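Please keep the structure in view while reading.

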Amino acid sequence: MASIPTESKSSTAASLITLLYVARGLRGFGDGFAIIILPAYMTLLGYDAIAVGIVATASLLGTALLTLIVGWIAPRHDLRPLLMFGAGLMAATGIAFPGVEHFVLIVLVAFIGTINPSGGDLGVLVPLEHAVLAHSATDERRTQIFARYSLIGALATAAGSLAASLPDFLVAGGSTQLGAFRLMFYAYAALGILCAALYRRVPHTRGEERAPQTPLGPSRGTVYKLAALFSIDAFAGGFVAQSLLVLWLFERFDLSLSAAGLFFFWSSTLSAFSYPVAAWLARRIGLVNTMVFTHIPSSVFLILAAFSPNLYLALGLLLLRSALSQMDVPTRTSYVMAVVTPAERPAAASVTAVPRSLASAISPAISGALLMTAFSGLPLVVCGALKIAYDLALLFSFRHIKPPEENARD
């Protein structure tokens, strides 16, 4: 069989990476307005913070279980239909939400569906896209590619946050508020259909490129240890899942929907531009150091925001947090992909993602209850303290385990 020219392989890989970047952007845009609309929609239906927390927990728990199933079958099957299934589920979620008002049905749709109340890099499509990206990247470009992937997602999420103000304009134009919210969910469904169209262009996985039947082999111990640590971080993050942070701002400072959209636009924008900075830092101080020494200050800002006496100080501290808190996202992904063998990457992506989803699913329901206590900022304090503990544990456990590019520099 004639070999494929290196230039052709590089061009195909670049086209595939670009396609996944576009799909990530579409999904990010949908998440950007959905995570703000969802608590506002539930509040309009008469539900309190505890109910919102339970729905967030159901959503994250369903995401974790589905990600586990996909991670188990991904090493054995073509990734393209799995990607299309995830996009189809996104479309179904947007269609189903406007048709339900009963709490049990809302919880069921959240459990089965794809709306991510945390605003982070969770979801059934994330480990699949990570595996495809890692397969298409060299060691030297891997962190940069994941940084761009995260950058595009964050910028798209920022734009989606601005779109969350559209219901206010629709209401001003004569629509009911409930009807405006439902229209936004239909827009979310349309984005899922567009993602499915993009995933149809992903090449089929050829038999010889499939992972072996045993998903995790020599890297099993490392992956499980990382998964355990990441679950602590995710459990902490669930206390300030973005939908709950929106609700805290609504109730603590009476923030409007349009103002919330504008704030989360700038918050996501700052997070977006932190990703290439994270890649730049990682090349100089290492992936683990970048994760830890950017994360700890962000947690301090979050704790201080909980005690803010006014809206402007709280928003300022939360924006400072946003500039730092997501710098561990591309570096964490790159690190996991670097310390396992290529054949283990799909399974490693899933095994590290699933405990994060499960752990983050526990805390929103607790956070919803804490939001109704005398000190509504308590979830922010708990989140910040747990994240600092996670960072210190990560540094202690993995500071000596370096990816190939860092070993080469040494």
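The structure holds four cavities of 30 Å³ or more, where a cavity is a set of points, on a 1 Å grid over the protein atoms alone, at which a 1.4 Å probe fits but cannot get out. The model is predicted, so local features need pLDDT of at least 70 and side-chain atom pairs count only at pLDDT 80 or more, while totals for chains, interfaces and linings use all residues. Residues are numbered from 1 along each chain as its sequence is written, and side-chain values use heavy atoms, with hydrogens and water left out.

A pocket, in contrast to a cavity, is an open set of points with protein on both sides within 12 Å along at least five of seven lines, and lining residues have an atom within 4 Å of a point. Grid points are joined across faces, edges and corners, and a volume is the space filled by probe spheres set on the points. The table sets out two of these spaces; in its classes, Ala, Val, Leu, Ile, Met, Phe, Trp, Tyr, Cys and Pro count as nonpolar, Asp, Glu, Lys and Arg as charged, and the others, Gly among them, as polar.

| Space | Volume | Lining | Classes in the lining |
|---|---|---|---|
| Second largest cavity | about 140 Å³ | 13 residues | seven nonpolar, three polar, three charged residues |
| Second largest pocket | about 290 Å³ | 21 residues | 11 nonpolar, seven polar, three charged residues |

Nearest the centre of the second largest cavity lie H130, T333, A349, T352 and A353, and helix 5, helix 14 (328-338) and helix 15 each supply at least two residues of the lining. Helices here are DSSP runs (H or I, at least four residues), numbered from the N terminus. In the second largest pocket, the residues nearest the centre are T63, G113, T114, G123 and V124, and helix 2 gives the most to the lining, with five residues.

How do helix 5 and helix 15 (residues 345-370) meet, and at what angle do their axes cross? The axes, which are lines fitted to C-alpha atoms over the stretch in contact, with angles running from 0 to 180 degrees between N-to-C directions, come within 9 Å and cross at roughly 145 degrees. The contact (heavy atoms within 4.5 Å) is made by P127, A131, A134 and H135 of helix 5 and R345, P346, A349 and S350 of helix 15. By class, this contact has five nonpolar, two polar and one charged residues.
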